[in-house]
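I opened my notebook to look up a few local features, one entry at a time.

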Protein chains: 4
Amino acid sequence: MSPITLSPAATLAETYGQVRAWTERLCASLEIEDYVVQPAPDVSPAKWHLGHTTWFWETFVLVPHAPGYTIFHDDFSFVFNSYYESVGRRVLRTQRGNLSRPTVAQVYTYRAYVDRAIGQFLAHTTLSPELEALIRLGLNHEQQHQELLTTDIKYTLGHNPLFPPISLPIAEQAPDQPTEPIRLRAGVYPIGFREGDGPFCFDNELGAHSVYLNGATLSGQLVSNGEYLAFIEAGGYTQFGHWLADGWAWVNAQQIMAPLYWHRIDGQWYHYTLQHGLQPIDPALPVCHVSYYEADAYARWRGNRLPTEAEWEVAARQQPELAWGLRWEWTGSAYLPYPGFSTAEGAVGEYNGKFMSGQMVLRGASVATPEGHSRPTYRNFFQPDKRWQYTGIRLMLS
Amino acid sequence: MSPITLSPAATLAETYGQVRAWTERLCASLEIEDYVVQPAPDVSPAKWHLGHTTWFWETFVLVPHAPGYTIFHDDFSFVFNSYYESVGRRVLRTQRGNLSRPTVAQVYTYRAYVDRAIGQFLAHTTLSPELEALIRLGLNHEQQHQELLTTDIKYTLGHNPLFPPISLPIAEQAPDQPTEPIRLRAGVYPIGFREGDGPFCFDNELGAHSVYLNGATLSGQLVSNGEYLAFIEAGGYTQFGHWLADGWAWVNAQQIMAPLYWHRIDGQWYHYTLQHGLQPIDPALPVCHVSYYEADAYARWRGNRLPTEAEWEVAARQQPELAWGLRWEWTGSAYLPYPGFSTAEGAVGEYNGKFMSGQMVLRGASVATPEGHSRPTYRNFFQPDKRWQYTGIRLMLS
Amino acid sequence: MSPITLSPAATLAETYGQVRAWTERLCASLEIEDYVVQPAPDVSPAKWHLGHTTWFWETFVLVPHAPGYTIFHDDFSFVFNSYYESVGRRVLRTQRGNLSRPTVAQVYTYRAYVDRAIGQFLAHTTLSPELEALIRLGLNHEQQHQELLTTDIKYTLGHNPLFPPISLPIAEQAPDQPTEPIRLRAGVYPIGFREGDGPFCFDNELGAHSVYLNGATLSGQLVSNGEYLAFIEAGGYTQFGHWLADGWAWVNAQQIMAPLYWHRIDGQWYHYTLQHGLQPIDPALPVCHVSYYEADAYARWRGNRLPTEAEWEVAARQQPELAWGLRWEWTGSAYLPYPGFSTAEGAVGEYNGKFMSGQMVLRGASVATPEGHSRPTYRNFFQPDKRWQYTGIRLMLS
Amino acid sequence: MSPITLSPAATLAETYGQVRAWTERLCASLEIEDYVVQPAPDVSPAKWHLGHTTWFWETFVLVPHAPGYTIFHDDFSFVFNSYYESVGRRVLRTQRGNLSRPTVAQVYTYRAYVDRAIGQFLAHTTLSPELEALIRLGLNHEQQHQELLTTDIKYTLGHNPLFPPISLPIAEQAPDQPTEPIRLRAGVYPIGFREGDGPFCFDNELGAHSVYLNGATLSGQLVSNGEYLAFIEAGGYTQFGHWLADGWAWVNAQQIMAPLYWHRIDGQWYHYTLQHGLQPIDPALPVCHVSYYEADAYARWRGNRLPTEAEWEVAARQQPELAWGLRWEWTGSAYLPYPGFSTAEGAVGEYNGKFMSGQMVLRGASVATPEGHSRPTYRNFFQPDKRWQYTGIRLMLS
């Protein structure tokens, strides 16, 4: 499935239908109870993702652009607004798991209601370029929440003492396909999204500009579970010398001893997997669910470093066969605006720019990223202690 | 329904069936989602109450006393243990709302499984006095959780922005039935549970002893919403002079301005009710959902005080027509052991005694208390800031 | 020195001078730096005690009653107010240690200024009974802060890694003088301060009333270090069965393993003492610096209990040779108002009443209590986790 | 005074004497009490700075390199270690203000003792290049603490309700000297410390490398108080649209309404100054004590942005008459390692590298920076909410 690659015959309405259906397919094997809980502030209930993505279509497309559209329910904008300060009150992120109502059935009814309205709207409207851009933004927004749906479901079930497996249309344990290391020559390179790069990008990729790279070589493979285990066994989590000061404080405060979802049982390492519950660690697979602090400490221990986001982007363009897409790869770059970045007007302008402090850039994509959603210029970002996404490590070799 | 009053023909098995059925009847109109969430640390999910009461029967009756009994599921004792430190690991109280599994359906299956086993056990066992006492304890334990089920459901739905009403077999808005004030003469009175007082009491009521009361008069009616509104309107929540120091800190830290569930909308006071959602305050009804701090501040503002638990108990025995049972009535007594109190051996000994610090005694019963569960010697107890129970105020008049 | 026992020839002015001089004598061997720091929220800097007691005289005696009195410094009432909400803004208790100014020298100047003004006032004023009572209250207030000065200095120096000793006019390590156990017969006893009991009491001792005591026997000696060591060595701090639930949470959260100031060094127990720094524990001396949680757990472990405050008071009156006065003795009574207690008007009314929740009563006195300050009816009170006072344990034997 | 510029005749010993004397001169007008307190975790007591800089000389120079040196006091390394995990236990940063001992007099004795030992050491040792580098590091380390001494003293006295002024050999209110804007042409520029740049730099300036700059123009003047006031008066602190999400959360949580030390009294703005206490704001002076969040929000409000650290460095080299040195100027660059950065072995390696996450770079110097301490390649860094340093704003104009 490749939702946003428009075949000549495809229409935006078709893509809309595909994207929306995929969201629901990800939830197909959940129990009602699994939709509701929120075991950590960063983790939203599946019900909330279903509602929030729908609210986005209602609030930013239907209400301002579809004449005669009637809002589904007055209180839903309060319940399903995420962080858009300019669109009124919102439920605090930490309290989403306190809401038993609206029920899951009501949320699916809400989805169907909005889908019908969008269908009619697309069927009867000639889209201005601005409106088409807005709809593409909505599609990409929903795809981002598809990935979060997966990671949040994993967090919920992976922190349940029963470790229940579920069926999911995602190849969570896909193996790496190593290539040769990628040699980057010193010089000035263009960075950022350019015309011809595709039908869509986020605002934070715009502002194409030049960056000087010092020569360096990027690994052709991700760090594996086996390599990471060597770090653990060498006492990596107990020696402050490998760690950033903030990372060391985090390791100690949270009693971190291994990647997220790893459990040591009777002397052997297991991890929670969505499809099979607790499983022994496979040393050949790429390591997953590590924080930036862990990625950085591992790199230092190996005597290497993480790539900058510019190095990563140049390498991904230079060697198209580079097998990225299994893990979001931590870079050593802070998430900051490109030269010339500016914030859009209104609520959509809150999408990316206001998060440009305290976070690190990740590049690539993961097994949970919807097909076609990412590209070499894509800038993902998280705080350096976060690790419930499918995050991994690729080293600079020199 | 009067579950624990044994008619001559009744058997413990019959009572068991009645009590267990009532628990489930309280949940009859819940949505699956309502069973799962935990909007505050003190508030447990309905699913947890259903499972925990069942775990109690399994752990304390079936496992030690029913030969050949097979545990329903190994992990349930971890999930549904509440605070019994002597019975192994337990889910932290604050994390009960993070668990989507076991599902509601599985919990009902668990209940049915244990009910069958208890039924067979009671049918084929000659009960020793100890075992009969244990079963009565289990029945009373379940009844306590019936009241908590109600208050926790109310908290969950009453903190949902949709304020959904549900159907519940409880007369939440029952009116007070005032009597004359009760005059207590000075003298020595017996206090505590004595032979002849009934078939059951908790260990904290034992240790009958004498208490000297100075003469005083207890009000024959509960403080009403209207009377309490006068306190609010007189600025009661803004003048520190009425408050205990801890209470004043609580009012300010939590921004308390009225009883729990009260909302001021367009100049009028409403409160959330389980059966009807948001409703205007009825000034004639007894005030509800106030903390000890509020009860004490109100009493000081009126120039009165709260009764001690001994005064309350003597009054309730002296005037049987005293209409107690609508609100748990805050007393001015700290929850401390009676002379001669001692803790039972083993896990059951953790039932009451270890909570004897930092809490205040409430006497009476409430609209949510199962019929027949309370008595004049019953000692309920909560921390002074708690108010999600059906708590109210009865004053000493002199 | 017996500051408040008025010999026939003595005057209030003489007593005032003695009390004020004793405060300063307690500080005689401090370094300037020792006056300033606040290592815990409950612990006030010595400088603050010196200023606050002076502020009390200025605010409650001189300003309202001494015509023409000029306030020493406008900002001092902000700096040195403790918790009197009715007397304006105040420095938060947790921030007293942030203030380097006013300097120690300025505070001593403030004391001298106020002492001169009080001296003139007392020399030229005929005291009304109310005014005389207010001055006695001020004297007792200053004596309470004398005890806090000592405990707060001990906390400051006892938490310094250099464990510096200082010279202090207090016999910190005085030995117990055991008597026979005191047998209390069952019956009704008078409780509270009565005419003839002396020239002064606090408002919380008033409201003489009757209490019925069940027969019991109070130990004639305090629990010793050696006896308490046996509890430690028997694993007392690691077995939840001995502890109140709140106490067990406290032990675990604070990693409590012994009384305050105890340190285990190379297999031997030491404690910090004011006069001699770190010293080996003397098993014969009464145990000190234990919390209510520890006192209660120790008593349960021994199969005994703590006395109620009424039992203690009756015993102290019945057997005057009872050697109390070494340790504040934890009772099993919560700090609550006596029947008929009422709060005085104005700021002085905030003295005691508003603390009547969440605290336990201690009876007796300690090595740090100024001579003549305590009496059998005296009610001291602290939260159950506090132990930086000179607190100890006396058991009920039956 | 220009402590580290070596005239031909000067010796390292002479410079050592000058630097050490300047530290003490900064404290010359303090009261003993001012040396002791710690009103915030980031703010260390002056006494601690005096001791810690001395401990640095003792631990890193004398103990390993001066044969026969006897440590001044065993416990001082525990008391005065700051964050060097490899040099043993240390007093937590938040508890430095709890220590009344060692006294100020003892700390000065410690300084004199170590100064004598260093004097003898330098007089009798032929310095290896490594040792000379270590001594230069010690001098620069002490100069950094000289700046912190000033900012920490200001925080302590500026948060005292008496707002006491002190005498200080620093021109805190020096005016800006505007130059023309600096035009930077697009191209590749060298960045980082190179041979010929001077006798010393920190490890984080090493790794000279190239950076491509897009053409831009840097302002020739700092943002003034008057300009910043316009932002306040336009509601800058109340409109989330100007703020990073983290910054907006900070503004709301801390109730920020103006730069640190600003107070609005009777409708006029004042700020606390070290030499004159509370003073009216002078609109012509450069704004001071703003956080990165404030600098960034101000720049957005103006429609501009902050320079990157590379832009700043190129501008400072290109136009030597640029009047930097009044304020540490926030850049839009996160504090990250230069390409090829590596950490030194041992404790000195903890100096800079481990802080490379979550902080922003500041360039320039301030009125509190010792003369000769800074240079165009100097990289200062703080978390984005910090503002007790002398921080200011210089905008990119295009």
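My entries below go from ground rules to strands, then to backbone angles, and end with one serine.

**Ground rules.** I am reading a predicted model, where local features need pLDDT of at least 70, side-chain atom pairs count only at pLDDT 80 or more, and totals for chains, interfaces and linings use all residues. Residues are numbered from 1 along each chain as its sequence is written, chains are lettered from A and ligands numbered from 1 in the order in which they are written, and side-chain values use heavy atoms, with hydrogens and water left out.

**Strands in chain C.** I looked up the sheet and found three strands in the order β5-β6-β7, open and antiparallel. Its edge strands are β5 (262-265) and β7 (277-280), each pairing on one side only. The twist averages 40 degrees from one strand to the next. For my own use, I noted that strands (E, at least two residues) and helices (H or I, at least four) are DSSP runs numbered from the N terminus, that two strands pair if DSSP finds at least two bridges between them, and that axes are lines fitted to C-alpha atoms, for helices over the stretch in contact, with angles from 0 to 180 degrees between N-to-C directions.

**Strands in chain A.** I counted four bridges between β5 (residues 262-265) and β6 (residues 268-273), and A:Trp262 has A:His271 as its bridge partner in β6(A). Four bridges also join β6(A) to β7 (residues 277-280), where A:Tyr272 stands opposite A:Leu278. That hairpin runs through three residues.

**Backbone angles.** Most residues other than glycine have a negative phi, and most peptide bonds are trans. I noted B:Asp266, with a positive phi near 50 degrees, in the loop between β5 (262-265) and β6 (268-273) of chain B. B:Asp266 is exposed (over 50% relative accessible area; buried is under 20%, partly exposed in between, with a 1.4 Å probe and protein chains only), at 81%. I also found a cis peptide bond between A:Arg101 and A:Pro102, with omega about -5 degrees. A:Pro102 sits in the loop between α3 (76-80) and α4 (104-124) of chain A.

**One serine.** Is B:Ser224 buried or exposed? B:Ser224 counts as buried, because its relative accessibility is 14%. I placed B:Ser224 in the loop between β4 (216-218) and α6 (225-233) of chain B. Its contacts (heavy atoms within 4.5 Å) include B:Pro283 and B:Val287, not counting residues up to four places away in sequence. The side chain of B:Ser224 reaches the backbone oxygen of B:Pro283 at 3.5 Å.

How values were computed: Polar contact = N/O pair within 3.5 Å; in protein donor to acceptor, adjacent residues only side chain to side chain.
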